[in-house]
Amino acid sequence: MNTDKRKVVLIGTGMVGMSFAYALVNQGGICNELVLIDVNKERANGEAMDLNHGLAFAKSNMRIYAGEYKDCKDADIVVIAAGVAQKDGETRLDLLQRNTDVFRSIINPVVKSGFDGIFLVATNPVDIMTRVTYELSRFGASRVIGTGTSLDTARLRYLLGDYFTVDPKNIHAYVIGEHGDSEFVPLSQVMLATKSVTEILEDERNDYNIDDMQSIEEQVRTSAYKIIKAKRATYYGIGMAIARIVKAILGDENSVLTVSAKLCGEYDSKNVFIGVPCIIGRNGIKEIVELSLTDEEKEKFQKSKTILDDSFNGLNL
């Protein structure tokens, strides 16, 4: 990876892709070259112009332009945010077949360009689309990453921070499994600083209780549906999540983020791409952090894994 150039290619200039691009420009210093690719070339050109006109107000300078698949050749990261939008009342898994067809037209020309960096997938259903990217690209598993449950985890920490009146940065908690209806919070692993939340809930000296935890988990799980119902789509949160993952990669941060990764025996599972905490650095996924789940949590994880396996196995790649 050419970390001096720090070149990112974004495929798909819809609301998710451009929310990511906007976050990238405003945070500054993450990359210094951003290429926009879209089937609608006129839109890609317009988006590049719009971003460029705001560079005078940005924290650092960037080269931003609309490009073609050949521009992926020397990129460090290719972010895929292309695909059909999720409709009101439609689950992420309903999107599977429609978006698989879109990916067939994307992955091949990217690979043919000579691209040798990292794929970062944001298109839903993201776990399956990440696996589709892996199968079509034939890249090593560490270099094919999905946004997974990174946004869900951010939502969880925000809600827990509000509940306990603590800075979310001091809440250590993860949403794992499918980025969708079967995702869950392993409560046994939730920590407020260094104290287990299960201990806090058992302490009769406060008013915290397990029912509130279940309510928060349900809020996390259904947030996307509520946002879609209110404004037809979600894009700001996931755009910022993509920017965070890109920053971790290009900065070689070795940060722990809950991304969609291929399991190779972790959690008693293989081959499936699913949201789990991973150490992310310059070369992609450095290590999958395997949490010590309770028996009940292990059952929930296996249920989520089975849903993803069954959906993927129905595809004709």
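I began at the end of helix H5, where threonine 165, just after the helix, takes a positive phi of about 55°. I note that this is a predicted model, in which local features need pLDDT of at least 70, side-chain atom pairs count only at pLDDT 80 or more, and totals for chains, interfaces and linings use all residues. Residues are numbered from 1 along each chain as its sequence is written, and side-chain values use heavy atoms, with hydrogens and water left out.

I then looked up H5 itself. H5 covers residues 150–164, 15 residues in all, and reaches 21 Å from its first C-alpha to its last. That is close to the 21 Å expected at 1.5 Å a residue (1.5 Å times one less than the number of residues).

Which residues of H5 are buried? I listed Ser150, Leu151, Asp152, Thr153, Arg155, Leu156, Leu159, Leu160, Gly161 and Phe164; buried means under 20% relative accessible area with a 1.4 Å probe, protein chains only. An α-helix has 3.6 residues a turn, so residues three or four places apart point the same way.

I checked what these buried residues pack against: among them are helix H7 (210–231), helix H8 (236–250) and strand E10 (255–264). Contact means heavy atoms within 4.5 Å.

I turned to the whole chain. It has 9 helices and 12 strands, taken as DSSP runs numbered from the N terminus (helices H or I, at least four residues; strands E, at least two). Of its 317 residues, 54% count as buried. Among contacts between residues at least 6 apart in sequence, 70% join residues at least 24 apart. The C-alpha trace spans about 60 × 45 × 35 Å along its principal axes.

How values were computed
Buried means under 20% relative accessible area, exposed over 50%, partly exposed in between (1.4 Å probe, protein chains only).
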